[in-house]
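Here's a quick tour of a structure, from the overall fold down to what packs against what. Have a look first, then read on.

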Amino acid sequence: MKTYDLIIIGGGPAGLAAAVSARDSGIESILILERDKNLGGILNQCIHNGFGLHTFKEELTGPEYAARFIEQVKERGIEYKLNTMVMDITPEKVVTVMNREDGLQQLQAKAIILAMGCRERPRGALNIPGYRPAGIYSAGTAQRLVNMEGVMPGKEVVILGSGDIGLIMARRMTLEGAKVKVVAELMPYSGGLKRNIVQCLDDFGIPLKLSHTVVDIEGKNRVEAVTIAEVGPDRKPIPGTEERYTCDTLLLSVGLIPENELSRSAGVELSPVTSGPVVNDGLETNVDGIFACGNVLHVHDLVDFVSQEAAAAGRNAAKYIQGAFDQNARRVRICAEGGVRYTVPSYVRPSEIGDMLTVRFRVGDVYKNHAIAVYFDDQQISRRSRKVMAPGEMEQVILTGKQLSQYPDLQKITIRIEEA
Amino acid sequence: MFDTVIIGAGVTGSAIARELSRYQARILVVEREEDVCCGTSKANSAIVHAGFDAEPGSLKAEMNVKGNRMMDQIAQELDVPFKRNGSIVVCTKDQDPAGLEKLAERGRANGVPTQILSREALLEKEPNLADDVTCGLFAPTGGIVCPFELTMGFAENAVMNGAQFSLNTQVRSIEKSENGWRLTVYHRDTQQEETIETKTVVNAAGVYADEFNNMVSAHKMHITARKGEYILLDKTAGKHVSSTIFQLPTAMGKGVLVTPTVHGNLLVGPTAVDVDDKEAVNTTPAGLEAVQTVSARSVRNVPLRQVITSFAGLRAHEDGDDFIIAQAQDAPGFVNAAGIESPGLSSAPAIGVRAAQIIRDILHLTLKDNFNPIRKAVLRPSSLSLEERNELIRRNPAYGNIICRCEMITEGEIMDAIHRPLGARSLDGVKRRTRAGMGRCQAGFCTPRTMEILEREVPMSVFEVGKNGIGSNLVVGINKEV
């Protein structure tokens with residue numbers, strides 16, 4: 001069986017950044033496995049700009065952002081395989097892969113980084129009633145058709161869900177000649193970034209209807225009309241509020257799900273909140289030597305943060321391979337409370353974090369004039385006021401090694417949202 | 001001049017075509033849709049009923065029990081996934097267990113073995129039964145089957161043995177002619193009308209069978225479309241139950257079943273609501289809600305967060321409440337296979353034989369000596385060993401290229417589905433033959449890739465590639481030109 005020190009599953013932004021950082025941390029034997037025909041992952045179809053403001057201090061398109069990392073991978077001579085599907089991963093880190101040239105093959109890794117990204121929730125997950133004709137697409141599928149194949153999935157469009165891809169596609173479909181009639185959002189707030197609502201909807205006069213959902217889809221062969229209705233606080237449609245839109249297309253941007261089927265086969269513990277692996281500060285899962293980063297870990301808004309997280313995973317995997325990763329270090333749980341839905345990581349090893357650790361999380365509701373408070377056991381450590389926090393924008397707190405070293409008996413860290 | 005024209009390429013029409021193809025006969029199957037298996041046959045419980053439920057002495061009982069017994073051989077000959085997982089009818093606290101006894105009695109009359117089991121015995125088989133379940137009727141011969149594969153299997157095997165299929169073909173009228181019957185059909189793809197002469201007609205038109213019968217016979221038939229809505233759950237939920245769990249009927253209705261599918265998903269449904277529109281395969285808020293709520297009566301903690309799709313099918317319920325498989329009394333040579341609602345899928349093998357015998361006797365057909373009963377399904381690489389699979393990929397690298405990542409379906413399988421008899425011409429056609437697009441992402445990922453393969457292999461223009469035939473095109477133009 002062929003062996004590698006590090007196998008990285010996925011050649012999108014997370015996999016690429018992890019590979020670069022692992023190589024820079026001294027790991028020679030690295031293999032990136034990518035199922036598509038190019039490196040770069042979903043960035044290849046994200047032809048809009050706005051990527052890389054944090055990392056490169058300039059606005060790049062998705063393919064441009066990916067190209068910067070692809071270049072770094074190529075400069076370093078890191079091995080990768082395209083058009084290659086990972087079929088299985090075992091807890092012993094045997095990776096079964098398949099492609100046209102090599103057939104079905106097994107590879108042994110010392111460490112694995114999971115960087116498979118996420119997939120879109122389909123219509124079925126929402127139990128949207130109606131017919132099942134052609135013309136119902138997840139926003140990402142439509143994005144691929146338009147941006148990579150150059151074909152239009154429809155002319156008159158209703159969009160359900162105001163996640164970022166849905167917003168971006170509202171603008172893209174409009175620019176390519178379609179009429180986007182409305183964007184309906186089940187929640188009383190948008191799931192996307194504020195800037196996307198402004199630049200993709202407001203600038204084009206596309207109405208956003210919050211607290212609305214699709215209650216009927218008509219058309220036997222192709223979508224002919226979509227009916228939306230307002231929902232109450234229980235998120236159930238309110239009778240009498242129905243509005244019918246004739247259209248030939250319904251795009252769904254109703255959530256992303258980290259794609260962890262392979263993680264499961266490797267015995268990786270998953271969080272019911274994020275659907276991603278439960279990790280410690282080193283981004284290591286419960287399975288020895290298997291790390292995770294990017295959207296497979298938790299869904300991000302900004303690729304810059306994916307790259308940062310993946311670089312950390314690469315460094316830690318390198319440490320693990322070099323025998324310098326202390327898994328037996330004492331660990332402290334981070335508790336997400338009072339409006340904080342989850343944190344990544346879930347555990348901290350105070351002796352291992354070095355200078356500082358970024359803990360990322362999402363809130364469960366919109367909070368105006370609230371503060372993010374951090375507690376070490378019962379002691380408040382920090383408190384930062386925020387004008388607005390929303391589920392669509394990831395938040396973070398920084399823990400420092402210095403702070404942690406002052407609490408040798410620390411039992412738990414709590415992060416919660418409090419009134420300012 | 002055909003010996004017989006079969007109207008409808010659902011599981012019933014296809015089974016009849018296959019049985020008739022044993023004989024020296026010119027057979028034509030006409031189907032309104034772009035593919036076989038597009039009506040009731042594609043949207044049902046996918047169950048092979050044991051046969052204890054049908055009224056003793058009814059045609060439903062006879063066909064169900066015979067069809068069930070034939071299913072092992074049929075599945076083997078036609079390479080169709082089939083499993084006898086057993087079925088259980090559960091009785092809950094508020095119900096009289098005498099209802100189970102009645103079913104067991106029917107089973108005895110129909111020749112179907114059953115056994116009444118205590119809650120404890122049931123829990124050993126099915127730990128996820130609801131807390132209120134007190135006892136149940138176990139029928140070991142109940143099974144699950146892939147309804148798509150069963151229909152494809154019949155249809156493809158019929159083609160292999162000389163039957164012809166005309167898809168996208170709608171029957172507009174049927175008239176008596178000198179030597180039999182004259183059908184006027186409309187080809188939906190070429191928009192041409194055509195007249196077809198045949199000695200006999202088999203009416204296997206599902207919810208529309210009454211219309212065709214009533215064109216030729218004074219013995220009027222009336223079929224009601226009875227809608228059944230379902231939810232389908234991810235394979236991660238597929239082991240929630242291992243048998244098919246039915247509910248003892250209540251005053252509120254027959255209840256819903258919870259069953260694994262033969263491919264490992266979990267299926268919950270159906271509702272039963274009569275509808276006026278025979279095209280109304282839409283799901284409804286009330287229906288989807290009911291399926292979820294009612295399922296909890298028999299099975300606890302159905303992981304409803306794992307729903308990947310929902311669908312509805314229409315049962316063809318005839319007023320007489322039984323199958324009608326007979327020559328119309330006042331229309332010699334016009335044979336009905338009508339009112340085929342549940343247990344129609346289970347009965348299909350037996351209905352095929354019965355209807356073919358009727359035609360044989362009318363036309364005095366003789367058996368062929370070269371009938372080949374064996375049909376191979378799309379080759380499934382996942383069923384091969386690592387070495388076999390690598391050999392396959394060496395011979396055809398397309399088998400090394402995964403297109404549908406949820407179900408792990410390769411390009412080779414999709415090409416096989418396109419190039420076989422009655423090959424796939426649409427996304428749904430590919431899906432029903434290979435399962436590409438049937439998984440948890442519901443074709444989000446593989447749609448553009450499958451479109452490309454259809455474009456190349458059929459070949460067809462990207463603007464012709466549809467979800468399910470005429471008018472279901474997936475793209476409407478190129479960027480900036482719509």
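## Fold of chain A

In this predicted model, 65% of the contacts in chain A with a separation of 6 or more come from residues 24 or more positions apart. Chain A is built from nine helices and 28 strands.

How does the overall size work out? A compact globule of 420 residues would have a radius of gyration near 22 Å, and chain A agrees because its own value is 22 Å. Its C-alpha trace covers about 60 × 60 × 40 Å along the principal axes. As for burial, 54% of the 420 residues in chain A count as buried.

Nonpolar side chains tend to be buried together in soluble globular proteins. Here the largest nonpolar core holds 266 residues, and Leu6(A), Ile8(A), Ala18(A), Ile113(A), Ala115(A) and Cys293(A) have the most contacts inside it. Helix α8 of chain A (residues 303-321) gives the largest share of this core, with 10 residues. Apart from that core there's another one of 20 residues, including Val348(A), Tyr367(A), Ile372(A) and Leu404(A).

Take Ala115(A): leaving aside neighbours within four places in sequence, its contacts include Ile8(A), Gly12(A), Ala18(A), Cys293(A), Val296(A) and Ala310(A).

## A covered helix in chain B

Over in chain B, how many of the residues of helix α1 (residues 11-20) are buried? The count is 10 of 10, so to speak a mostly covered helix. Among those buried are Val11(B), Thr12(B), Arg18(B), Glu19(B) and Leu20(B).

The cover over α1(B) includes strands β1 (2-7), β2 (27-30), β12 (192-203) and β20 (334-338) of chain B, along with helices α5 (147-160) and α8 (344-363) of chain B.

How values were computed
Residues are numbered from 1 along each chain as its sequence is written. Chains are lettered from A and ligands numbered from 1 in the order in which they are written. This is a predicted model: local features need pLDDT of at least 70, side-chain atom pairs count only at pLDDT 80 or more; totals for chains, interfaces and linings use all residues. Helices (H or I, at least four residues) and strands (E, at least two) are DSSP runs, numbered from the N terminus. The radius of gyration is taken over C-alpha atoms; the globule rule is 2.2 Å times the number of residues to the power 0.38. A residue is buried if 20 or more other C-beta atoms lie within 10 Å of its own, exposed if 12 or fewer, and partly exposed in between; C-beta atoms are placed from the backbone. Two residues are in contact if their C-beta atoms, placed from the backbone, lie within 7 Å. A nonpolar core is a set of buried Ala, Val, Leu, Ile, Met, Phe, Trp, Tyr and Cys residues joined through C-beta atoms within 7 Å.
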